[in-house]
Amino acid sequence: MTQSAAGVMDAVLHPEKPVPPSGPAWGAVISLSLGTFGLVTAEFLPVSLLTPLARDLGISEGAAGQAMTATAIVGAISAPTVAIITKRLDRRTVMWTMTLLLILSDVLAAGAWSLAVLLTARVVLGIALGGFWSMSAALAMRLVPSHLLPRAMSIILTGVSVATVCAAPIGAYVGDIWGWRSAFILAAVGGAATLLVQLITIPRLPPIGVASFRSLLDVAKIPMVKIALLVVLLVASGHFAGITYIRAFLEKIPALDVETISLVLLAFGIGGFFGNLAGGLLAEYSLKAVAALAPLLIAIAAVSLLTAGASALASAIAVAAWGFAFGAVPVGLQTWMVRRAVPEQAQSAGVLLVTVFQVAIAAGAIFGGLLVENAGITSAIAYSAVATFVAALIVFVLGPKRET
């Protein structure tokens with residue numbers, strides 16, 4: 001999850017023209033879901049492959065973790081710029097290009113012989129991520145009539161949910177059997193299949209509107225939005241500082257084997273899937289509750305790993321709880337942003353949330369890597385606990401007070 005949740009928010013309130021008279025293009029919607037699956041899978045594969053990847057390239061785990069940083073930094077830059085740079089192109093051409101970049105990234109990663117090549121692959125992925133989420137979900141509003149938009153959004157998010165559940169454990173398992181490069185090869189094959197579906201199903205979508213950099217500054221000046229963005233920085237940086245190195249933690253502290261780690265990562269993904277559902281339900285009753293309790297649960301899970309992590313069972317429960325909590329995070333944050341921006345600022349709010357979230361991912365991965373290199377893996381988990389606890393405290397004290 002990372003930038004996917006903000007993209008959905010951008011779509012829901014993005015002023016695009018209605019679906020053409022031919023009716024809803026469900027095939028195109030499904031192709032967008034396949035795109036989200038491929039992007040999220042590629043983005044988080046390094047988490048499950050970090051140890052063998054670092055060993056094979058002859059680099060430290062902290063250095064390998066910076067692969068996440070490269071993707072996040074480029075994603076933050078490309079999110080607000082791709083739509084503007086490609087403003088005269090048919091949107092389906094842009095989407096096809098983003099999927100081609102996804103495939104290229106996976107191929108480069110599979111053949112990487114050095115950290116420089118791996119980082120190049122992740123930069124290419126960052127461009128694809130930022131470009132895809134800057135417009136893909138908004139295009140859904142042009143593929144189906146307005147009353148079917150929630151269903152279309154649900155289908156698109158299915159790709160994210162399935163990737164969250166499957167990417168890490170399957171990546172770890174496949175990497176253990178055939179080597180870490182095989183996981184990226186499989187991801188590239190999946191990307192090629194996605195491109196084929198998109199070529200067949202996405203109709204012509206001429207460009208209509210263009211985002212403005214000035215509008216981003218206008219939204220960022222809203223007081224409650226400033227607080228929300230601070231919470232985004234703390235939660236996302238805290239989450240990724242710890243979760244990027246969770247495999248290394250599980251290998252060294254409870255000393256789990258690869259098969260068990262795969263199961264624990266599967267529990268993390270399943271927890272995230274149900275956390276997203278629970279967050280949506282809770283947000284209908286109390287926005288402050290979901291915005292505050294999710295980071296608080298991450299903090300509790302991190303503390304549990306630090307205090308009882310030597311127990312395999314305790315570690316598994318803590319990681320699953322962590323996944324559940326982070327699954328609920330996007331719901332609270334994106335709803336907060338939407339309610340604090342006027343309707344005509346919704347698109348800019350979405351792009352701003354994507355950008356800040358990517359910056360936070362980069363900051364978390366960089367800081368986590370420095371902590372791992374200089375103070376050990378547990379220090380990264382400790383930062384996760386502190387950052388998310390402070391985020392929860394800010395929401396409780398300064399967060400949204402009026403439930404609407």
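Leu250 counts as buried because its relative accessibility is 0%, where buried means under 20% relative accessible area, exposed over 50% and partly exposed in between (1.4 Å probe, protein chains only). Leu250 belongs to helix 11 (residues 246-252); helices (H or I, at least four residues) and strands (E, at least two) are DSSP runs, numbered from the N terminus. With neighbours within four places in sequence left aside, Leu250 is in contact (heavy atoms within 4.5 Å) with Ala255, Leu256, Ile261, Val264, Ser315 and Val319. Thr260 is ten residues from Leu250 along the chain, and their C-alpha atoms are separated by 9.4 Å.

Ala255, one of those contacts, is in the loop between helix 11 and helix 12 (258-283). Ala255 counts as exposed because its relative accessibility is 54%. Most residues other than glycine have a negative phi. Ala255, however, has a positive phi, near 55°.

## Basis of the model

The model is predicted: local features need pLDDT of at least 70 and side-chain atom pairs count only at pLDDT 80 or more, while totals for chains, interfaces and linings use all residues. Residues are numbered from 1 along each chain as its sequence is written, and side-chain values use heavy atoms, with hydrogens and water left out.

## Overall composition

The protein has 404 residues, of which 60% count as buried. Its secondary structure comprises 16 helices and zero strands. Among contacts with a separation of 6 or more, 88% are between residues 24 or more positions apart.

The accessible surface is about 15,300 Å², and carbon and sulfur atoms hold 72% of that area. Accessible areas come from the Shrake-Rupley method with a 1.4 Å probe; for residues, only the protein chains shown count as cover.

## Nonpolar core

A nonpolar core is a set of buried Ala, Val, Leu, Ile, Met, Phe, Trp, Tyr and Cys residues joined through side-chain atoms within 4.5 Å. The largest one has 115 residues, and Ile246, Trp322 and Trp336 have the most contacts inside it. Helix 2 (residues 26-57) gives the most to this core, with 14 residues.

## Helix 10 and helix 16

Helix 10 (residues 223-243) packs against helix 16 (residues 377-398) at an angle of about 160°, with axes 7 Å apart. Axes are lines fitted to C-alpha atoms, for helices over the stretch in contact, and angles run from 0 to 180 degrees between N-to-C directions. The two helices are therefore roughly antiparallel; angles under 35 degrees count as roughly parallel, over 145 as roughly antiparallel, 65 to 115 as roughly perpendicular and the rest as oblique. Their crossing is left-handed, meaning that the near helix is turned anticlockwise from the far one by less than a right angle, whereas clockwise is right-handed.

Residues of helix 10 at this packing include Val235, Gly238, His239 and Gly242, and those of helix 16 include Ile381, Ser384 and Thr388. Thr388, in helix 16, counts as buried because its relative accessibility is 0%. Beyond its neighbours within four places in sequence, Thr388 is in contact with Val235, Pro295, Leu296, Ile298 and Ala299.

## Helix 5 and helix 8

The axes of helix 5 (residues 91-110) and helix 8 (residues 180-201) come within 8 Å and cross at roughly 165°. Helix 5 is therefore roughly antiparallel to helix 8. The crossing is left-handed. Among the residues that meet are Trp96, Leu100 and Ile103 from helix 5, and Phe184, Ala188 and Leu195 from helix 8.
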